[in-house]
Amino acid sequence: MKVEISKGIEELKFALLSPEEIRRMSAVKVITPDTYDDDGYPIEKGLMDPSMGVIEPGLKCKTCGGKVDQCPGHFGHIELAMPVVHIGFIKEIYSILSSTCSNCGRIKLPDSNLKEFFERIKDTANRLSDIEYDDIVSEVESDASDVVICPHCHFENEKVALDKPTTFREEGKKLTPKEIRERFEKIQNDDLPLIGLDPKVARPEWMILTVFPVPPVNVRPTITLETGERSEDDLTHKLVDVIRINQRLRENRDQGSPQLIIEDLWDLLQYHVTTYFDNQTPGTPPARHRSGRSLKTLVQRLKGKEGRFRSNLSGKRVNFSARTVISPEPFLSINQVGVPAKAARELTVTETVTEHNFERLKEMIKNGPGVEEAVYRPGVNYVYRIDGSRIKISEKNSAEVAEKMELGWQVERQMEDGDIVLFNRQPSLHRMSMMAHEVRVLPYRTFRFNLAVCAPYNADFDGDEMNLHVLQSQEARAEAEILMKVQENFLSPRFGGPIMGAIHDHITALFMLTYRNPLIPLETGLHIMSYIDVDRTPEPVEVDGKRYFKGRDIFSLVLPEGVNLEFKGKLADKSLDPNGTEGLIRIEKGKLVNGAIDENAIGQSKGALLDYVLRKYGNAEGAKFLDNLTRLAAGVISFIGFSTGIDDEDVPGEAKAQLREVGNEAVQKVEKLIENYRNGLIGMEPGKTLEDTLESMVMKALSQAREKSSEIASHYLGMDNSTVIMARSGARANMMNLAQMAGIIGQQSIRGQRQHRGYTNRTLPHFQKGDIGAYARGFVSSSYKEGLNPTEYFFHATGGREGLVDIAVRTSRSGYMQRRLINALEDLKVSEEGKVLDTEGSIIQLEYGEDGTDPSRSIKGDSVDVDYLVKEIFGTKYEGGKK
Amino acid sequence: MAKYNILMHEMVPEHWLVPVKEEEKILKSLGVTKGQLPKIRRTDPVIKTLEKAPGIGEIVPGRIIEIVRKSRTRGIAKIYRTVIGE
């Protein structure tokens, strides 16, 4: 094994290219703005000169003799007729111009001052603080730029101004790049360190271009379109412009044309050179392609999300991956993923032929590359012989190749059931966004998975797409199975509870199966039980000569053996259950004895029963439990049937009258409060103005109205109502939503306050000025079912808009915050001893989290669950000992 | 002289100067070198306050500070920092 030695970067130094250096590294002096001749051969001394490298296979580079994949490419150069400013150094040029004397080229500070600064530089050089050096350089600049009379030659300098983007003016007079260059040439090497340049590698006049480097052709390759048409890279287009204008400028200069024409051409050359570097320079119109699209030049290649850094270096496209729409499949285990046969035939796993897999691989090769068939049989796309040569498997040669197969060959076999893959949904906000699944090859064209797995991926099926990656090595597969499998990620490190669990209809179904322990007819019960993987049935009971199963007995089938648990369900604190027994869920020796199974038992992130099974029986048993749970739920709900509609919110006439009464009462109460306020009968509450006091009292009165309407609604809507079942069991929605549909929607607020903005002293022109009553400030007394009146509708939309804006702002802000956090923490790792180290080996934490606790194994943040241990060790007897 | 002692504030964890004699023992038990430990500036207000405590005097770069925090999960969490210049 080769020992890898990690090296740290001690120092990075940036330097400027001198004209000589540009010429020295140049392979060719480019003089013609053309690329190819009519026969398609590159023109000598043109922009595609073969001395600058080759892009067509078969050709050889004129400089190094290498072929396409051997030649690294070589720079060329253009001799500029007149010097131009480099847009990247505008700031530096400006600061040097203003801090040096235009006559003698010295920094405009007395020798004593300069000496002082040199001392300080030397000082910081010993201590290696770049920031301080930069501070000194900018101090020199700000001190020197204000000086008018040069202390060295007593010349009276004029103030230089930068006329963006590239023009410098001295008291209104234009400074040409040529003049700037001449000034810079006068600056002494000794002064350069105070300007921030190292005279060994950089001279200020090199910031003004006289020679222009032409990048190698493989930086700007010609693309041949399907039609045979050639299309040049944006950079090449820009270089054509530069050369063309450069030529015209030279001709005009040599002919002695009028100064005006020369200056115009010079400016044009400056424009082309500027946009060659950065086509988004402020103050410069971007250079455009014939089609009107703006050109992508050097800076655009690197910058931003689509730039080289973020798009090609921080992230790359990969092989062995697939992406398609997702859809649900309740009959898959949470550990599985359904892969369309079409994708499975494209995605391959490379296996080396050994004695152990010889016959299996031989059969697979015989299957060929596969056809669309009712039953999926994995085939083989390619095989590699020992010498590395590749054979494509077709239906014709499959039998022949299978016979020839030898030990040591590599076989690219298609995906089969049981392969381990990674499955991912963006945005990947936590580690559960990418988990390992077992493949099940299925017909049709979507990826499919168990509904319980929606939560960690934050997926739904309204058109979401997900990515899949096939693991290629034995090590990767082993690691993924141990660390990344869905069942290994049951417990979230965020809160130490199960992140996956039953959702929506699962909860509804099992709630209906267990609420008040219904009797299920024998045949129905047996059919429901056929959905789950059990080998026994509960004892049926006989009622009126007919045989039934009890709902809780059926549910108990999916419980692991010997579960003993007692906890409070959602119904525990509701007044719905008069006896209050359904809320207390009790499981004894693996049998549900009492209570209705609801969100608190099996729901995601709060299911106490699920949490208990996971911790006591382990992840594998937990996965089996959830698999059976979801299947059972599917069976139950498809047999019992469940649906909801707007008439679920129908309430009797007397209830309607009561609700109207509640609304009117609230409005009158508010009126009364306002009257008291106007008569000065309201006292100030601590820390509030009189207006605030009134507001808070009004808000209180109105929210009471909504609560009252909620009470009335839940009184008249019973457990025979689908929406109530969903709300009570925690499957979806809550009683407030129902109250809003059936009764009163309530106060609409913006930033926690009643609506108050809009017109002068009123929210809408429909109200009297100064009206601060309930309706004028956004109280909605209608229900969703009845519909809202126009002003109510407006206020409701206003409140809704606030919610939408809030979400948009929040996601973008928290996303950026998370990005910075991840960038700061990405290369920290936990060592074998549990220390947290960075890449240098420095300690970040002596013990992970400073307590060594894995948060996903913690009990709501605590390392040990004492209550649980006591119960497990001493049995339920000890229950009474709890105070 | 500062009016308050910041070390007495309830949100500032305990800071102790580790005696030179014990430094090696502690580093050995942690299995790290001085350079690997997190740093604390000599100009840190806590260090300045410590220096004023009787019998401590100037704390030179290279000394080790023990910080004792209360933790809900761990009881007390001890961490160490190396004093650096500036």
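User: How are two packed helices described, and at what angle do the axes of α2 and α4 of chain A cross?

Analyst: Two packed helices are described by the angle between their axes and the distance between those axes. In this predicted model, helix α2 (residues 90–99) of chain A and helix α4 (residues 130–145) of chain A have axes that come within 8 Å and cross at roughly 50 degrees. The two helices, α2(A) and α4(A), are therefore oblique to each other. The crossing of α2(A) and α4(A) is left-handed.

User: Which residues make the contact between α2(A) and α4(A)?

Analyst: From α2(A) come A:Ser95, A:Ser98 and A:Ser99, and from α4(A) come A:Val140, A:Glu141, A:Ala144 and A:Ser145. Sorted by class, the contact of α2(A) with α4(A) has two nonpolar, four polar and one charged residues.

User: Now a single residue. Where is A:Ile520 placed, and is A:Ile520 buried or exposed?

Analyst: A:Ile520 sits in strand β18 (residues 519–521) of chain A. Burial is judged by counting C-beta neighbours, with 20 or more within 10 Å needed for a buried residue. A:Ile520 has 23 such neighbours inside 10 Å, so A:Ile520 counts as buried.

User: Which residues is A:Ile520 in contact with, leaving aside its neighbours within four places in sequence?

Analyst: With those set aside, A:Ile520 is in contact with A:Gly525, A:Tyr548, A:Phe549, A:Gly551 and A:Ile554. A:Glu479 gives another reference point: A:Ile520 and A:Glu479 are 41 residues apart in sequence and 46 Å apart in space, C-alpha to C-alpha.

User: Turning to chain B, what pattern does chain B follow along the sequence?

Analyst: Chain B has two helices and four strands, and read along the sequence they give β-α-β-α-β-β.

User: What radius of gyration does chain B have, and what would a compact globule have?

Analyst: A compact globule with 86 residues would have a radius of gyration near 12 Å; chain B has 13 Å, so the value agrees with the rule. Along the principal axes, the C-alpha atoms of chain B fill a box of roughly 40 × 35 × 20 Å. Of the 86 residues of chain B, 12% count as buried. Among the contacts in chain B with a separation of 6 or more, 60% join residues 24 or more positions apart.

User: How many residues of chain A are in contact with chain B?

Analyst: The size of an interface is often given as the accessible area lost when the parts come together. Here the description is by residues: ten residues of chain A are in contact with eleven residues of chain B. The side of chain A that touches chain B divides into two nonpolar, four polar and four charged residues.

Note on methods:
Residues are numbered from 1 along each chain as its sequence is written. Chains are lettered from A and ligands numbered from 1 in the order in which they are written. This is a predicted model: local features need pLDDT of at least 70, side-chain atom pairs count only at pLDDT 80 or more; totals for chains, interfaces and linings use all residues. Axes are lines fitted to C-alpha atoms, for helices over the stretch in contact, and angles run from 0 to 180 degrees between N-to-C directions. Angles under 35 degrees count as roughly parallel, over 145 as roughly antiparallel, 65 to 115 as roughly perpendicular and the rest as oblique. A crossing is left-handed if the near helix is turned anticlockwise from the far one by less than a right angle, and right-handed if clockwise. Two residues are in contact if their C-beta atoms, placed from the backbone, lie within 7 Å. Ala, Val, Leu, Ile, Met, Phe, Trp, Tyr, Cys and Pro count as nonpolar, Asp, Glu, Lys and Arg as charged, and the others, Gly among them, as polar. The radius of gyration is taken over C-alpha atoms; the globule rule is 2.2 Å times the number of residues to the power 0.38.
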